[in-house]
Amino acid sequence: MPIYEFKCEECGEVFEELVLKPTEEVRCKKCKSPKVTKLMSQVAFKSGSKFVSSSGSACATCKGGTCSSCG
Ligand SMILES: [Zn+2]
């Protein structure tokens, strides 16, 4: 899921937004300002890489992050 973290330039609010389209306009959830900056969200990084790199290769049982020992 393409979840990004944004910071509002107006009020400083930091929030996460599910962005379905790259051109979709994101507004601050607090003050509704369109002046928001996209941050490199750790949430997006974690969900995007969960089954690809670190946790996937770390498990010797299933190699895919899906078995019970993966956590
Ligand atoms: Zn704001």
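Analyst: First, the burial labels: buried is under 20% relative accessible area, exposed is over 50%, and partly exposed is in between, using a 1.4 Å probe and protein chains only. The model is predicted, with local features needing pLDDT of at least 70 and side-chain atom pairs pLDDT 80 or more, while totals for chains, interfaces and linings use all residues. Numbering starts from 1 along each chain as its sequence is written, and side-chain values use heavy atoms, with hydrogens and water left out.

Let's take the zinc site and the sheet that goes with it. The zinc ion gets its protein donors from Cys8 (SG), Cys11 (SG), Cys28 (SG) and Cys31 (SG), lying 2.3 Å from it. (Donors are N, O and S atoms within 2.8 Å of the metal, or 3.2 Å for Na, K and Ca; water is not among the atoms, so a site may look incomplete.) Angles among the four donor atoms run from 105 to 119°, and the site is tetrahedral, a label given to four donors if all angles lie between 85 and 135 degrees; square planar (four) and octahedral (six) need opposite donors over 155 degrees apart and all others between 65 and 115, and anything else is irregular. Along the sequence, the donor residues follow the spacing C-x2-C-x16-C-x2-C. Two of these cysteines have their accessibility listed: Cys28 is buried at 1% relative accessible area, whereas Cys31 is partly exposed at 36%.

Now the surroundings. The protein chain has two helices and three strands, running β-β-β-α-α from the N terminus on; helices (H or I, at least four residues) and strands (E, at least two) are DSSP runs, numbered from the N terminus. Of its 71 residues, 20% count as buried.

The strands make an open sheet in the order β2-β1-β3, with antiparallel pairing. Because β2 (14–18) and β3 (36–39) stand at the edges with a single partner strand each, one side of each has no neighbour in the sheet. Neighbouring strands are turned by 40° against each other on average, direction ignored. (Axes are lines fitted to C-alpha atoms, for helices over the stretch in contact, with angles from 0 to 180 degrees between N-to-C directions.)

Two strands pair if DSSP finds at least two bridges between them. β1 and β2 run antiparallel and are joined by five bridges, and Lys7 has Val14 in β2 as its bridge partner. These two strands form a hairpin with five residues between them, where Gly12 in the turn has a positive phi of about 85°.

Phe6 is buried at 5% relative accessibility, and Phe15, which sits in strand β2, is buried at 6%. Elsewhere, Lys38 lies over the face of Tyr4, at 4.2 Å from the ring centre; that takes NZ of Lys or CZ of Arg within 6 Å of the ring centre and within 35 degrees of the ring normal.

Finally, the loop between β2 and β3. Lys32 lies there, and despite being a residue other than glycine, Lys32 has a positive phi near 70°; its relative accessible area of 53% makes Lys32 exposed. Lys35 is in this loop as well, partly exposed at 48%.
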